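Me: I'd like to learn how to read a few features off a protein model. Could you walk me through them?

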Amino acid sequence: MFRDVSACNTYNYGDALYWDARYIQDANCGSFDWYQRYSALRPFVRKYISPTSRVLMVGCGNAVISEDMVKDGFEDIVNIDISSVAIDMMRKKYENIPQLKYMQMDVKDMSFFPDESFDSVIDKGTLDSLMCGTSAPINAAQMLGEVSRLLKPGGVYMLITYGDPTVRMPHINQPVYNWKIELYIIPRPGFQKPAGSTPKSYLEPIPMTEKGQLPADYTLEDPDSHYIYVCKKIDEPTLTSDRSTDSLTDDTLQR
């Protein structure tokens, strides 16, 4: 398990100083959502996470996904980020929206929260940032251990990442977390299907091998696809929810 060297540049994305400087520099540039907007992720979020759940958004930055989720009926989202600059900006922006709370915090140490504090944790690029930093495997293990600790039994960690199973499953598919993992693959925003290509649904989980890898004959429609790992904590007692058995439909993408 190594650092994501091929996907990283010279910046240390795991460093608070880098992010503070970036948010100061980009203060007048508006919000920025990594990888995917909520409209693309909504079918997966609504399938696995109830609007009444207590949600932890790790590495929130200045993204609007939490705002979009509140507009979609979610009632309690705690947002954390290592950058005090980002948190200060977001607190001011959303001070009149009680469903959104913002706290400066390092995902590697979330001891402020008691065990089993959240029904779900959403991670859109935060693990990726740690994988681009120094001591990547250690930092990733610290973060994922904290995520597992904070999840209630039956809770879900939803990881949205550029990392395919060869580089992410060795980190998340660890017996200590006791997660049942499902994988979805969606194209990057703006991807144009080749003319004459067969339509493919992105709403069904991808069957993985016993070793947690893609089947040998699986072909990516978009080479720069994003991967959604849905990790359900299966410790007893498990939570039951009608929502967990809902099927994704193409119609949900249009809402």
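**Reading the fold, the bridges and the cavity**

Reply: Let's start with the layout: the protein chain has seven helices and seven strands, where helices (H or I, at least four residues) and strands (E, at least two) are DSSP runs numbered from the N terminus. Along the sequence, the pattern is α-α-β-α-β-α-β-β-α-α-β-α-β-β. This is a predicted model, so local features need pLDDT of at least 70 and side-chain atom pairs count only at pLDDT 80 or more, while totals for chains, interfaces and linings use all residues. Residues are numbered from 1 along each chain as its sequence is written, and side-chain values use heavy atoms, with hydrogens and water left out.

Me: What share of the 255 residues of the protein chain counts as buried?

Reply: Buried means under 20% relative accessible area, exposed means over 50%, and partly exposed is in between (1.4 Å probe, protein chains only). Here 48% of the 255 residues count as buried. The accessible surface of the chain is about 12700 Å², and 52% of that belongs to carbon and sulfur atoms; the areas come from the Shrake-Rupley method with a 1.4 Å probe, and for residues only the protein chains shown count as cover.

Me: And how do I read the contacts in the protein chain?

Reply: A contact means heavy atoms within 4.5 Å. Among contacts between residues at least 6 apart in sequence, 75% join residues at least 24 apart.

Me: How many salt bridges are there?

Reply: The general idea first: side chains of opposite charge can pair when their charged atoms come close. The rule asks for a side-chain nitrogen of Lys or Arg within 4 Å of a carboxyl oxygen of Asp or Glu, and the count comes to 12 salt bridges. One of them joins K101 and D76, at 3.1 Å from N to O. K101 sits in strand β3 (residues 100-104) and D76 in strand β2 (residues 76-81), so this pair ties together parts 25 residues apart in sequence. K101 is partly exposed, at 37% relative accessible area.

Me: Which residue forms a salt bridge with R149, and where do the two sit?

Reply: The partner is E146, with the closest N and O atoms 2.8 Å apart. Both belong to helix α6 (residues 136-150), and because they are three residues apart, about one helical turn separates them. R149 is partly exposed at 22% relative accessibility, whereas E146 is buried at 12%.

Me: What about D222 and R188?

Reply: Their closest N and O atoms are 2.1 Å apart. Both are in the loop between β6 (179-186) and β7 (226-233), yet they are 34 residues apart, and the pair links distant parts of the chain. D222 is buried, at 0% relative accessibility, while R188 is partly exposed at 32%.

Me: Which residues are linked in a network of salt bridges?

Reply: R42, R46 and D72 are. R42 lies in helix α2 (residues 38-48) and counts as buried, at 12% relative accessibility. R42 and I65 are 23 residues apart in sequence and 9.9 Å apart in space, C-alpha to C-alpha.

Me: Last one: what lines the largest cavity?

Reply: Rolling a probe the size of a water molecule over the atoms shows where empty space is left. On a 1 Å grid over the protein atoms alone, a cavity is a set of points where a 1.4 Å probe fits but cannot get out, and lining residues have an atom within 4 Å of a point. The search of the whole structure finds one cavity of 30 Å³ or more, with a volume of about 40 Å³. I185, P187, K200, Y202, Y218, E221, D222 and S225 line it.

Note on methods
1 Å grid on protein atoms, 1.4 Å probe; cavity = no way out; pocket = protein on both sides within 12 Å on 5 of 7 lines; lining within 4 Å. Points joined across faces, edges and corners; volume = space filled by probe spheres on them.
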